[in-house]
Amino acid sequence: MCGIVGAIADRDVVPVLIEGLKRLEYRGYDSAGIAVINDHDVRRVRRTGRVAEMEAAALAEGLQAQLGIGHTRWATHGGVTEANAHPHVSHGVALVHNGIIENHDQQREKLIAMGYEFESQTDTEVIAHLIHSFLVHGADLLTAVQAAVRELHGAYALAVVSRKEPGKLIAARMGCPLLIGVGEGENFIASDVSAILQATRNVIFLEEGDTAEITRDSVTVFGADNHPVQREVHLSDVSLASLELGPYSHFMQKEIHEQPRAIADTIEGVIDAGAFSAELFGADAAQVLNGIEGVLILACGTSYYAGMTARYWIEGIAGLPCSVEIASEYRYRDVVANPKTLVVTLSQSGETLDTMEALKYAKSLGQERTLSVCNVPESAIPRASKLVYYTRAGAEIGVASTKAFTTQLVALFTLTATLAKLQGRLDETGEADYIDALRRLPGSVQHALNLEPQITAWSEHFAPKEHALFLGRGVHYPIALEGALKLKEISYIHAEAYPAGELKHGPLALVTDEMPVVVIAPNDSLLEKVKSNMQEVRARGGELFVFTDADSNFHPSEGVHVIRAERHVGVLSPIIHTIPVQLLAYHVALVRGTDVDKPRNLAKSVTVE
Ligand code: G6P
């Protein structure tokens, strides 16, 4: 969702701000703006729509400055209008904000009574006026921001500038990620490292309650008690190449094709060690993982489907009871908590608000054994967890998650095998077999990617349809769900997924020759059952599009189209069968001409409820 960038330098920062905002576009937004301090005044440009439109306006106005802030906004409080777009300005103070201020109504009333006039319906504008109300009493900008945030309830990442202090950029963080980019004779602020990678790789991650005063040559961070604190400078390993399209047409296409590499990187530690061990999850992991009585997985969206897949593995291989819950449901439910449950949060971004709140709720119930599987180092959810396993997918820019999902799956398989070993359910031969299967996985994924031309041919059948049904059984049922989600997210075709055995309990009523039915039918123990379910579809005139394995002895016939992956890969099969459904969604969306990487109404990181 919203994105922040800020810069202070002895060069023109406007191109830096605009480039940064373009890098943040992937998160999802509906308006953009920048404000700079120039000649002791604030100059601001805002536009609804794309950053490119705002850029054109900024160029037309000849905006140039050595200090400025920028923002991409995803509307929450107040509609998509220029007046609601950030930066918000109060008497020479300009700020951008990510997050939601819960007590904005009370603050607004108080500020109106003090004589402030509001131009927007946002919760953010109150912060600008609030800071100004402290400045008029003689505070400097840093002190005014520190005083203002004390009055706020809710979540914020803030970047603030003032015409009265043109050599300073102020930052504040509570509940939303914010980092400082440390350059040479210039410094930056960003909500996401991708926004400033063009300028520096050296970053300081602000912690909850931190504020910071940033000049061209200095960064001073203050903790929640306003005393100066030392925060480590990290070297970001996000590569600029991962933010570029290269030879691809879309980030989603690029990210689908990056999966062999992303998976190999994610399991590198296990393959190198040649064994599953608790240490893969952190130095003290054995203490946390030993003696657990079950696993609870909390996640949203695609991550939730990774969790559903893992449930089959964890119960079947590690022999531990496992439940998987949608984070936004779990957090508001009266649950029976067991302190010996391992709580696993899955979040590609590490900042999904519902998942974070579900984790806090689980902890508040005494469930202290927590593990985060995440793709973004130092993000909020891993920081709030005892253990962490970082997937190494690299930056995922396409809103529809692809490589983050398959790398979550290999991380979860690694967890499963580790738990099985700790539970005494995995002997040396079994361990060696799993390591071998993981080692061969990137090659098998590449083989599945090579099916693309066949899948492209199928996309023509789907593009004119308005509905599609996905079927799977057992561990492949979540892959059917993921396939349906991908198709609806980016092609806007209504798609539903069912466990194939459930077909005759309802969805069969929908099957006509207008409803393509995608079936995930690998050569596993449920194949014969799936074949019977397919007969039920065929008998009602439904057209079948079947993804199976080379060794499944399954042949095309009238109304039954078949694409084969390589020979059945066993327990890791759900990962292989994810690839064709991703490619199908991508190619159908291409034919339909939708905005593949930025589907309507969706955001990459959902940082609001
Ligand atoms: C959004 C994204 C999805 C993602 C979900 C959970 O809805 O569009 O692609 O699966 O959030 O995100 P997370 O970062 O927690 O995995």
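The structure described here is a predicted model.

A polar side-chain atom of serine 347 lies 2.6 Å from an oxygen atom of the ligand, and a backbone N or O atom of threonine 302 lies 3.0 Å from a ligand oxygen atom. Taken alone, the ligand exposes 390 Å², of which the protein buries 90%.

The shell around the ligand holds 13 residues, and those that come nearest are Ser303, Ser347, Gln348, Ser349 and Thr352. By class, this shell has eight polar, four nonpolar and one charged residues. Helix 10, which spans residues 301-318, gives the most to the shell, with three residues.

Strand 23 covers residues 517-521, and five of its five residues are buried, so the strand is largely enclosed by the rest of the structure. In a regular strand, side chains alternate between the two faces of the sheet. Both faces of strand 23 are covered: Val518 and Ile520 are buried on one side, and Val517, Val519 and Ala521 are buried on the other.

Strand 23 pairs in the parallel sense with strand 21 (residues 467-472) over three bridges. Five bridges join strand 23 to strand 24 (residues 544-549), and these two strands also run parallel. Valine 518 takes part in both pairings: phenylalanine 470 stands opposite valine 518, and in strand 24 the bridge partner of valine 518 is phenylalanine 545. From strand 23 the chain crosses through helix 18 (residues 527-538) to strand 24, in a right-handed β-α-β crossover.

Seven strands form an open sheet with antiparallel pairing, in the order 5-6-7-8-12-13-14. Strand 5 (88-90) and strand 14 (228-229) stand at the edges, each with a single partner strand, so one side of each is left without a neighbour in the sheet. Strand 5 pairs with strand 6 (residues 93-98) in the antiparallel sense over three bridges. Within this pairing, leucine 95 in strand 6 is the bridge partner of histidine 88.

Strand 8 (residues 165-174) has seven of its ten residues buried, so this strand is largely enclosed by the rest of the structure. Strand 7 (residues 156-162) and strand 8 pair in the antiparallel sense over six bridges, and a hairpin joins the two through two residues. Alanine 157 stands opposite arginine 173 in strand 8. Strand 8 also pairs with strand 12 (residues 211-214), in the antiparallel sense and over four bridges; in strand 12, threonine 211 is the bridge partner of alanine 172.

Strand 1 (residues 3-8) and strand 4 (residues 67-73) run antiparallel and are joined by six bridges. In strand 4, leucine 67 is the bridge partner of isoleucine 8.

## Individual residues and backbone geometry

Isoleucine 479 has its place in helix 17 (residues 477-491). With a relative accessibility of 0%, isoleucine 479 counts as buried, the cut-off being under 20%. The C-alpha atom of isoleucine 479 is separated by 8.5 Å from that of alanine 306, although the two residues are 173 residues apart along the chain.

A cis peptide bond joins histidine 86 and proline 87, with omega at about -5°. Proline 87 lies in the loop between strand 4 and strand 5. Asparagine 226 has a phi near 70°, a positive value in a residue other than glycine. Asparagine 226 is found in the loop between strand 13 (219-222) and strand 14, and at 25% relative accessibility it counts as partly exposed. Asparagine 601 likewise has a positive phi, near 70°. Asparagine 601 is found in the segment after helix 19 (573-592) and, at 67% relative accessibility, counts as exposed.

Notes: Residues numbered from 1 in each chain as written. Predicted model: local features only at pLDDT ≥ 70, side-chain atom pairs only at ≥ 80, totals over all residues. Heavy atoms only, no water. Near = heavy atom within 4 Å. Polar contact = N/O pair within 3.5 Å; in protein donor to acceptor, adjacent residues only side chain to side chain. Areas by Shrake-Rupley, 256 points an atom, 1.4 Å probe, with all protein chains shown as cover. Nonpolar A, V, L, I, M, F, W, Y, C, P; charged D, E, K, R; others polar. Buried < 20%, exposed > 50% of the residue type's maximum accessible area, 1.4 Å probe, protein only. Pairing = 2+ DSSP bridges. Right-handed = clockwise from strand over helix to strand, strands pointing away.
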